[in-house]
Amino acid sequence: MFSVRNAIRKAFTLPDKIKLKITPKVCGVLRTELIRTREKLHASLSTGPQQQNGTFYELRTYCIKPEHNSAFLKLTNEKIQLRTAHSELLGYWSVEYGGLNEVFHIWKYESYAQRAAVRAALAQDPEWQNQYISKALPLLSSQDSEVTYLVPWCEIDKPSKEGVYELVTFQMKPGGPAVWGKAFRAAVSTHAKAGYAHLVGVFHSEFGLLNRVHALWWYEDADRRAATRRVAHQDARVVAAVRESVSYLDSQRNKLLIPMAFSPLK
């Protein structure tokens with residue numbers, strides 16, 4: 001007790017005219033606060049920045065049987081309102097480059113309880129089941145679902161006009177944001193702040209393949225993307241940031257996405 005009290009006195013040196021009385025009670029309060037601060041610091045060092053609320057985004061990818069691609073897109077365009085009546089759709093795209101006969105969509109949920117309630121309601125919705133699901137499932141060859149959170153330093157930033165989107169998926173090395181978060185953020189932020197592309201959102205996996213991060217970018221069109229990429233590759237700031245981040249990277253891939261007519265993100 002006396003060693004703690006003496007240490008606190010030394011740490012908080014005050015002018016002679018100001019007297020601070022260190023009582024055992026004050027010592028106990030300060031000790032508790034020091035322990036809490038240390039625990040928070042250890043948590044930050046071990047896991048990186050944490051999600052501060054329950055909102056998450058489900059990323060879904062459907063592979064369509066090639067002979068049924070047009071039929072699936074037409075059916076979805078006609079019946080999607082049956083699905084959006086239950087929960088919020090952020091965006092729905094067809095994959096133009098980087099995949100064939102695929103659609104990619106993002107759904108927003110405020111909690112896992114909300115998603116469970118939505119799924120239960122859909123299972124009991126006769127219009128959804130009879131008019132869409134029963135007809136759509138035979139047209140698909142596979143479905144994939146991934147639960148993600150927005151990274152703490154990013155918010156959804158919707159473009160002001162229509163365009164095309166690039167989904168870049170990074171498979172990072174194990175260890176989480178505590179290991180690669182700072183370098184990854186620098187690489188993405190440097191590219192965005194230079195104005196080479198409009199960053200819509202950055203999503204970090206919670207369920208699915210772990211240590212996976214998706215960056216969703218917007219461009220006016222595919223040719224504008226190609227032009228800005230050539231310029232960015234000559235930018236020393238971008239090159240330096242990317243060089244640092246790739247040391248934590250296992251693999252990456254990208255897809256060019258075309259918004260569906262009903263997609264909130266155009």
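Select N211, which counts as buried because its relative accessibility is 16%, under the 20% cut-off. The structure shown is a predicted model. N211 lies in the loop that runs between β6 (198–207) and β7 (212–219). Although N211 is not a glycine, its phi is positive, at about 60°.

Next, select N101, in the loop between β2 (88–97) and β3 (102–109). N101 is not a glycine either, yet has a positive phi of about 55°. Is N101 buried or partly exposed? With a relative accessible area of 24%, N101 is partly exposed.

**Second stop: the whole chain**

Now display the entire chain as a cartoon. Its secondary structure comprises eight helices and eight strands. Of the 266 residues, 40% count as buried. The chain exposes about 15,400 Å², of which carbon and sulfur atoms supply 55%. Among contacts between residues at least 6 apart in sequence, 80% join residues at least 24 apart.

In soluble globular proteins, nonpolar side chains tend to be buried together. To inspect the largest nonpolar core here, select Y62, F72, Y92, V103, Y132 and F262; of its 23 residues, these touch the most other members. Which elements each supply at least two residues of this core? They are β1 (56–64), α3 (69–84), β2, β3, α4 (112–123), α5 (126–136) and β4 (140–150). The greatest contribution comes from α3, with four residues.

Centre the view on V103 and show its surroundings. Leaving aside residues up to four places away in sequence, V103 touches R60, T61, Y62, I64, F72, L73, Y92, W93 and S94. Apart from this core lies another, of 18 residues, including V164, V202, A215 and W217.

**Fourth stop: a pair of helices**

Two packed helices are described by the angle between their axes and the distance between the axes. Select α3 and α5, which pack at an angle of about 155° with their axes 10 Å apart. The angle therefore makes α3 roughly antiparallel to α5, and the crossing of the two helices is left-handed.

Finally, show the side chains where these helices meet. On the α3 side, select F72, L75, T76, K79, L82 and R83; on the α5 side, they meet E127, W128, Q131, Y132, K135 and A136. F72 and Y132 are also among the residues that touch the most other members of the largest nonpolar core.

Technical notes:
Residues numbered from 1 in each chain as written. Predicted model: local features only at pLDDT ≥ 70, side-chain atom pairs only at ≥ 80, totals over all residues. Heavy atoms only, no water. Buried < 20%, exposed > 50% of the residue type's maximum accessible area, 1.4 Å probe, protein only. Contact = heavy atoms within 4.5 Å. Areas by Shrake-Rupley, 256 points an atom, 1.4 Å probe, with all protein chains shown as cover. Core = buried A, V, L, I, M, F, W, Y, C linked by side-chain atoms within 4.5 Å. Axes fitted to C-alpha atoms, helices over the stretch in contact; angles between N-to-C directions. Parallel < 35°, antiparallel > 145°, perpendicular 65-115°, else oblique. Left-handed = near helix turned anticlockwise from the far one by under 90°.
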